Amino acid sequence: RRRIAILISGRGSNMVSLMEAARAHDYPAEIALVLSNRPDAEGLDRARDAGIEALAIDHKAYSTRESFEQALDEALHARDIEFICLAGFMRVLTNWFVERWAGRMVNIHPSLLPLFRGTQTHRRALEEGVLVHGCTVHFVVPELDAGPIVAQAVVPVVPDDTETSLAERVLEQEHLLYPQALRMICSGRARLDGGRVIFTDSWDASAAL
Ligand code: GAR
(Lines give C-alpha, C1' and ligand atoms only; values in the text may rest on other atoms or scores of the structure.)
Protein backbone atom coordinates (compact mmCIF):
# COMPACT_ATOMS: atom_id res chain seq x y z
CA ARG A 1 0.00 0.00 0.00
CA ARG A 2 1.30 3.37 -0.96
CA ARG A 3 1.86 5.83 1.87
CA ILE A 4 -0.25 8.91 1.25
CA ALA A 5 -0.28 12.36 2.83
CA ILE A 6 -3.38 14.51 2.48
CA LEU A 7 -2.81 18.28 2.53
CA ILE A 8 -5.74 20.37 3.69
CA SER A 9 -6.58 23.92 4.75
CA GLY A 10 -10.12 23.61 6.03
CA ARG A 11 -12.99 21.29 6.82
CA GLY A 12 -11.49 18.22 5.17
CA SER A 13 -14.57 16.49 3.81
CA ASN A 14 -12.60 15.11 0.85
CA MET A 15 -9.95 13.97 3.31
CA VAL A 16 -12.62 12.03 5.20
CA SER A 17 -13.81 10.33 2.02
CA LEU A 18 -10.23 9.26 1.23
CA MET A 19 -9.68 8.02 4.78
CA GLU A 20 -12.88 6.02 4.66
CA ALA A 21 -12.03 4.44 1.33
CA ALA A 22 -8.54 3.55 2.57
CA ARG A 23 -10.03 1.53 5.41
CA ALA A 24 -10.99 -1.21 2.95
CA HIS A 25 -8.32 -3.90 3.12
CA ASP A 26 -8.04 -4.09 -0.65
CA TYR A 27 -7.50 -0.35 -1.09
CA PRO A 28 -4.03 0.21 -2.62
CA ALA A 29 -3.17 3.25 -0.47
CA GLU A 30 -2.97 4.07 3.23
CA ILE A 31 -3.39 7.54 4.67
CA ALA A 32 -0.25 7.97 6.73
CA LEU A 33 -0.42 11.71 7.45
CA VAL A 34 -2.71 14.72 7.28
CA LEU A 35 -1.01 18.09 7.03
CA SER A 36 -2.62 21.51 7.24
CA ASN A 37 -1.11 24.93 6.65
CA ARG A 38 -3.77 26.27 9.04
CA PRO A 39 -3.58 25.17 12.67
CA ASP A 40 -7.33 25.81 13.08
CA ALA A 41 -8.40 23.59 10.18
CA GLU A 42 -11.40 21.51 11.19
CA GLY A 43 -10.02 18.57 9.26
CA LEU A 44 -7.10 18.11 11.68
CA ASP A 45 -9.40 17.00 14.49
CA ARG A 46 -11.36 14.79 12.14
CA ALA A 47 -8.12 13.04 11.14
CA ARG A 48 -7.00 12.60 14.76
CA ASP A 49 -10.41 11.19 15.66
CA ALA A 50 -9.83 8.61 12.97
CA GLY A 51 -6.46 7.73 14.48
CA ILE A 52 -4.36 9.35 11.77
CA GLU A 53 -1.40 11.59 12.51
CA ALA A 54 -2.40 15.19 11.86
CA LEU A 55 0.14 17.95 11.75
CA ALA A 56 -0.17 21.72 11.32
CA ILE A 57 2.63 23.62 9.64
CA ASP A 58 1.50 27.21 9.83
CA HIS A 59 2.62 29.05 6.71
CA LYS A 60 2.42 32.32 8.64
CA ALA A 61 5.32 31.19 10.81
CA TYR A 62 7.64 31.21 7.78
CA SER A 63 8.97 34.31 6.09
CA THR A 64 9.12 32.82 2.60
CA ARG A 65 7.11 30.34 0.56
CA GLU A 66 10.28 28.30 0.07
CA SER A 67 11.02 27.91 3.79
CA PHE A 68 7.41 26.91 4.45
CA GLU A 69 7.58 24.31 1.70
CA GLN A 70 10.91 23.03 2.95
CA ALA A 71 9.26 22.35 6.30
CA LEU A 72 6.42 20.54 4.52
CA ASP A 73 8.86 18.51 2.48
CA GLU A 74 10.86 17.51 5.54
CA ALA A 75 7.75 16.40 7.41
CA LEU A 76 6.71 14.32 4.42
CA HIS A 77 10.10 12.67 4.01
CA ALA A 78 10.44 11.99 7.73
CA ARG A 79 7.31 9.84 7.43
CA ASP A 80 8.27 8.08 4.19
CA ILE A 81 5.38 9.63 2.32
CA GLU A 82 5.28 8.48 -1.30
CA PHE A 83 2.33 10.38 -2.70
CA ILE A 84 0.39 13.57 -1.92
CA CYS A 85 -3.31 14.30 -2.27
CA LEU A 86 -4.24 17.97 -2.10
CA ALA A 87 -7.76 18.24 -0.71
CA GLY A 88 -8.88 21.81 -0.29
CA PHE A 89 -5.28 22.92 0.24
CA MET A 90 -5.49 26.64 -0.45
CA ARG A 91 -1.81 27.60 -0.80
CA VAL A 92 -0.24 27.93 -4.22
CA LEU A 93 2.87 25.72 -4.36
CA THR A 94 6.17 26.86 -5.88
CA ASN A 95 7.76 25.19 -8.88
CA TRP A 96 10.42 23.81 -6.54
CA PHE A 97 7.90 21.81 -4.50
CA VAL A 98 5.82 20.79 -7.50
CA GLU A 99 8.88 19.52 -9.40
CA ARG A 100 10.04 17.62 -6.34
CA TRP A 101 6.72 15.78 -6.20
CA ALA A 102 6.15 15.59 -9.96
CA GLY A 103 4.00 12.59 -10.85
CA ARG A 104 3.43 11.96 -7.14
CA MET A 105 0.91 14.68 -6.30
CA VAL A 106 -2.73 15.09 -7.31
CA ASN A 107 -5.39 17.68 -6.56
CA ILE A 108 -9.16 17.81 -6.63
CA HIS A 109 -10.65 20.90 -8.22
CA PRO A 110 -14.33 21.91 -8.12
CA SER A 111 -14.91 22.40 -11.85
CA LEU A 112 -14.65 20.56 -15.13
CA LEU A 113 -11.12 21.59 -16.02
CA PRO A 114 -9.88 23.28 -18.11
CA LEU A 115 -12.91 25.46 -17.38
CA PHE A 116 -12.81 27.66 -14.26
CA ARG A 117 -9.29 27.30 -12.98
CA GLY A 118 -8.65 29.15 -9.70
CA THR A 119 -11.24 30.10 -7.09
CA GLN A 120 -15.01 30.81 -7.00
CA THR A 121 -15.66 28.09 -9.54
CA HIS A 122 -19.35 27.65 -8.70
CA ARG A 123 -20.13 31.35 -8.86
CA ARG A 124 -18.36 31.65 -12.19
CA ALA A 125 -20.13 28.59 -13.58
CA LEU A 126 -23.50 30.15 -12.70
CA GLU A 127 -22.46 33.49 -14.19
CA GLU A 128 -21.44 31.81 -17.44
CA GLY A 129 -24.71 29.91 -17.62
CA VAL A 130 -23.11 26.52 -18.21
CA LEU A 131 -25.61 23.66 -18.00
CA VAL A 132 -23.16 21.08 -16.74
CA HIS A 133 -20.49 21.50 -14.09
CA GLY A 134 -18.46 19.12 -11.95
CA CYS A 135 -15.09 18.25 -10.51
CA THR A 136 -11.70 17.05 -11.66
CA VAL A 137 -8.82 15.09 -10.17
CA HIS A 138 -5.56 15.99 -11.86
CA PHE A 139 -1.82 15.64 -11.40
CA VAL A 140 -0.24 18.83 -10.13
CA VAL A 141 2.06 20.79 -12.44
CA PRO A 142 3.55 24.25 -11.86
CA GLU A 143 0.76 26.01 -13.76
CA LEU A 144 -2.28 26.35 -11.47
CA ASP A 145 -5.05 23.76 -12.04
CA ALA A 146 -3.51 22.75 -15.36
CA GLY A 147 -2.11 19.23 -14.89
CA PRO A 148 -2.99 15.96 -16.65
CA ILE A 149 -6.55 14.85 -15.84
CA VAL A 150 -7.12 11.56 -14.03
CA ALA A 151 -10.89 11.62 -13.50
CA GLN A 152 -13.90 13.89 -13.81
CA ALA A 153 -17.50 13.78 -12.65
CA VAL A 154 -20.32 15.80 -14.16
CA VAL A 155 -23.38 17.31 -12.47
CA PRO A 156 -26.26 19.26 -14.02
CA VAL A 157 -26.81 22.94 -13.27
CA VAL A 158 -30.52 23.42 -12.54
CA PRO A 159 -32.60 26.59 -12.91
CA ASP A 160 -32.83 27.63 -9.26
CA ASP A 161 -29.26 26.78 -8.36
CA THR A 162 -27.35 29.02 -5.99
CA GLU A 163 -23.64 28.88 -5.38
CA THR A 164 -24.38 26.80 -2.27
CA SER A 165 -26.71 24.29 -3.88
CA LEU A 166 -24.35 23.81 -6.81
CA ALA A 167 -21.33 23.45 -4.52
CA GLU A 168 -23.17 20.76 -2.55
CA ARG A 169 -24.06 18.81 -5.67
CA VAL A 170 -20.45 18.95 -6.87
CA LEU A 171 -19.04 18.06 -3.44
CA GLU A 172 -21.12 14.90 -3.32
CA GLN A 173 -19.40 13.83 -6.53
CA GLU A 174 -15.98 14.89 -5.26
CA HIS A 175 -16.39 12.46 -2.39
CA LEU A 176 -17.00 9.62 -4.82
CA LEU A 177 -14.46 10.67 -7.41
CA TYR A 178 -11.34 11.25 -5.34
CA PRO A 179 -11.14 7.78 -3.77
CA GLN A 180 -11.74 6.19 -7.18
CA ALA A 181 -9.07 8.32 -8.83
CA LEU A 182 -6.52 7.53 -6.11
CA ARG A 183 -7.34 3.85 -6.39
CA MET A 184 -6.73 3.94 -10.13
CA ILE A 185 -3.37 5.65 -9.69
CA CYS A 186 -2.14 3.48 -6.83
CA SER A 187 -3.21 0.27 -8.53
CA GLY A 188 -1.40 1.31 -11.71
CA ARG A 189 -4.56 1.60 -13.81
CA ALA A 190 -3.95 5.29 -14.43
CA ARG A 191 -0.38 6.37 -15.00
CA LEU A 192 1.45 9.37 -16.32
CA ASP A 193 3.19 8.95 -19.63
CA GLY A 194 4.69 11.89 -21.47
CA GLY A 195 2.54 14.42 -19.63
CA ARG A 196 -0.73 12.56 -20.23
CA VAL A 197 -2.61 10.02 -18.18
CA ILE A 198 -2.80 6.56 -19.75
CA PHE A 199 -5.63 4.30 -18.61
CA THR A 200 -5.51 0.55 -18.68
CA ASP A 201 -9.18 0.36 -17.75
CA SER A 202 -10.73 3.48 -19.21
CA TRP A 203 -14.29 2.71 -18.05
CA ASP A 204 -13.37 3.81 -14.57
CA ALA A 205 -12.21 7.23 -15.70
CA SER A 206 -15.54 9.04 -15.70
CA ALA A 207 -17.15 8.05 -12.47
CA ALA A 208 -20.46 9.81 -12.91
CA LEU A 209 -21.17 8.83 -16.49
C1 GAR B 1 -13.49 21.19 -2.26
O2 GAR B 1 -14.65 21.56 -2.95
C3 GAR B 1 -12.30 21.20 -3.19
O4 GAR B 1 -12.60 20.76 -4.49
C5 GAR B 1 -11.93 22.64 -3.21
O6 GAR B 1 -12.11 23.08 -1.88
C7 GAR B 1 -13.10 22.27 -1.25
C8 GAR B 1 -12.51 21.69 0.00
O9 GAR B 1 -13.49 21.05 0.77
N10 GAR B 1 -10.60 22.84 -3.65
C11 GAR B 1 -10.16 23.93 -4.27
O12 GAR B 1 -10.88 24.88 -4.51
C13 GAR B 1 -8.71 23.90 -4.65
N14 GAR B 1 -8.34 25.07 -5.35
P15 GAR B 1 -13.08 20.00 1.87
O16 GAR B 1 -12.05 20.67 2.78
O17 GAR B 1 -14.35 19.72 2.62
O18 GAR B 1 -12.51 18.78 1.21
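In this predicted model, the ligand is surrounded by Arg11, Gly12, Ser13, Asn14, Gly88, Met90, Ile108, Pro110, Leu171 and Glu174, a residue being counted if one of its heavy atoms lies within 4 Å of the molecule. Polar contacts are pairs of N or O atoms within 3.5 Å; within protein, one atom must be able to donate a hydrogen and the other to accept it, and residues adjacent in sequence count only if both atoms are side-chain atoms. A polar side-chain atom of arginine 11 is placed 2.5 Å from an oxygen atom of the ligand. For serine 13, a polar side-chain atom lies 2.5 Å from a ligand oxygen atom. Glycine 12 takes part through its backbone, with a polar atom 2.8 Å from an oxygen atom of the ligand.

Residues are numbered from 1 along each chain as its sequence is written. The model is predicted, so that local features need pLDDT of at least 70 and side-chain atom pairs count only at pLDDT 80 or more, while totals for chains, interfaces and linings use all residues; side-chain values use heavy atoms, with hydrogens and water left out.

Helix α1 spans residues 13–22, and eight of its ten residues are buried, that is, under 20% relative accessible area, against over 50% for exposed and partly exposed in between (1.4 Å probe, protein chains only). Helices (H or I, at least four residues) and strands (E, at least two) are DSSP runs numbered from the N terminus. The buried residues of α1 are Ser13, Asn14, Met15, Val16, Ser17, Leu18, Met19 and Ala22. They pack against β1 (2–8), β2 (29–36), α2 (42–49), β4 (83–86), β5 (105–109) and α6 (163–186), contact meaning heavy atoms within 4.5 Å. Serine 17, within α1, has a relative accessible area of 10% and is buried. A polar atom of the serine 17 side chain lies 2.9 Å from the backbone oxygen of asparagine 14. Beyond its neighbours within four places in sequence, serine 17 contacts His175 and Pro179.

Seven strands form an open sheet of mixed pairing, in the order β3-β2-β1-β4-β5-β6-β7; two strands pair if DSSP finds at least two bridges between them. Strands β3 (54–56) and β7 (149–156) stand at the edges with a single partner strand each, so one side of each has no neighbour in the sheet. Direction ignored, neighbouring strands are turned by 20° against each other on average. Strands β1 and β2 run parallel and are joined by seven bridges, and isoleucine 6 has valine 34 in β2 as its bridge partner. Helix α6 packs on the sheet, touching β1, β2, β4, β5, β6 (132–139) and β7, and its direction makes about 155° with that of β7. These axes are lines fitted to C-alpha atoms, for helices over the stretch in contact, and angles run from 0 to 180 degrees between N-to-C directions.

UniProt lists His109 for "active site" in an unreviewed entry; such annotations may be inferred rather than shown by experiment. Histidine 109 lies in strand β5 and is buried at 3% relative accessibility. Leaving aside neighbours within four places in sequence, histidine 109 is in contact with residues including Phe116, Arg117, Cys135, His138 and Asp145.

Proline 148 lies in the loop between β6 and β7 and is buried, with a relative accessible area of 16%. Among the residues that proline 148 touches, not counting those up to four places away in sequence, are His138, Leu192 and Val197.
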